[in-house]
Amino acid sequence: MPHLLCQISRVSTSLPGFLTFFITFHICKVESALFTVVGPDQPITALVGEEIVLPCHLSPNMSVENMEVRWFRSEFRNYVHLYRDGRDDFGGQMPEYKRRTAFWKDGLTHGNVSLRIVNIRPSDEGHYHCLVADGINDEEAVIELEVAALGSNPIISVEDYQKGGIRMICRSAEWYPEPQVLWRNAQGYHIASLSEIKSPRANGLFETEISAVINGDSNPNLSCWIRNSLLDREKESAIHISALFFPSVNPWMVALIMILVALLSFIILNVYLFRIKGNLQRELGWKRAVICPGLGQNAPPLGKEDVTLDPDTAHRYLVLSEDGKSVRWTHKWQRLLNNPERFHSWRCVLGREGFTSGRHWWEVEVGKGMYWAVGVVRESVRRKGGISFSPEEGVCAVLRYWGEYEALTAHRRTCLPLDRVPSRVGVYLDCTLGQVSFLDAVTGAPIFTCLPASFVGDRIRPCFWVQFGEINLRHHQ
């Protein structure tokens, strides 16, 4: 809602009057172009339950401490967040944003008026206006926020016998926006569904239910596939139906057999998993020979490496502590020397230490950071331009992204279904074998072990990636 900066009620046709009009016009033009408000050209995507920062800043950079900054949706008067007279004004804030918004106060002097919104909800999706006014001039930018939620793993159940076959139902919840759901056979082809229901719950998230009838002539291997098109991610569960369960005999007998087989399979699976877990906990401890050969009960203990961070490699959005033992993400662009060692695209920093032989281990405190990765890279890894964060680039790491834990493998990311969220990660490197293992540094439980990697023969350095959080390398007792 721009204001009229200058009004000229009467202009004389004389030469002095014309000069007055010309000078006044150009003064108004200069005043009206003191600053512009800049936001991202592309939509910002946020996950339900997480937090997001809607970027917005003045160009050129100038202090907004004495200006009015108004964030609003479709109605100017109903604001999401308002800053004026040097403080936040929550008096007329929209009720659904109470105690959910904040400014980056330390950036106001540099024209940063980005808005932080916590506990994202589906109703937050839409356009946001970032308006800045200095009493004479006002400018605004429009930022689009997209909201997404990756729902639960599909659960497949056998319901009953119908039309000469078995009726299967797949259920999942907590999706947003409305997901794509279908049945597929072992070859990946679509299987026609009997019914499909997608219903929004009170919190705005979608619950899905899809059914299909499988008969003896159908492919006994089928899966339920659900995809979030906005995140370009999917979840899938599979099941195999034996020919014994199709109603060529008494349905009650088949049902009894199904129950007995399911019960027996459940018992066998739990016994097997219990033994596997026990073996892993015995064999994959802090100093076990499986990870570091030679570290048996009689072998000398392997000392923890005193890893420090190399500031010459740190991305401009990362701030290192003076002792080089911690790194945190910041929204500010650091004025640092653009040397060849510094990462340009990824928010990464390397450890000063490099290893070419022997066995080594260190610990990393990841805390509750939203996005982080911990691992190792070849010293020759690319620092500029687009980087494929993968083993082909000489990278071996585990990471937390969009609230899930994954490992970087040869062809794609591998999901890590962890029983416990690690607060501290132990990294073990065997240069001879080219093997890297990750463990929960608190419990000693294994997280992931990379296969022999392509970095054998090169100098290996610890690598850390962090955004919206902080990681720490200080020693713990």
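Ile-267 is partly exposed, with a relative accessible area of 45%; partly exposed lies between buried, under 20%, and exposed, over 50%, using a 1.4 Å probe and protein chains only. This is a predicted model, where local features need pLDDT of at least 70, side-chain atom pairs count only at pLDDT 80 or more, and totals for chains, interfaces and linings use all residues. Residues are numbered from 1 along each chain as its sequence is written, and side-chain values use heavy atoms, without hydrogens and water.

Ile-267 sits in helix H2, residues 251-283 (helices are DSSP runs, H or I, of at least four residues, strands are E runs of at least two, and both are numbered from the N terminus). Together with Leu-263, Phe-266 and Val-271, Ile-267 forms a nonpolar surface patch of about 390 Å² accessible area. Such a patch takes nonpolar side chains (Val, Leu, Ile, Met, Phe, Trp, Tyr) within 5 Å, each residue having over 30% relative accessible area and no salt bridge; like charges are joined within 9 Å. Areas come from the Shrake-Rupley method with a 1.4 Å probe, and for residues only the protein chains shown count as cover.

Now the salt bridges. The rule is a Lys or Arg side-chain nitrogen within 4 Å of an Asp or Glu carboxyl oxygen, and the count is 19.

Arg-171 and Glu-209 form one, at 3.2 Å from N to O. This pair joins strand E13 (residues 165-175) to strand E17 (residues 206-214), 38 residues apart.

Arg-70 pairs with Glu-68 at 3.3 Å. Is Arg-70 buried or exposed? Arg-70 is buried, at 7%.

Finally, Arg-233, Lys-235, Glu-404 and Glu-406 are linked in a salt-bridge network.
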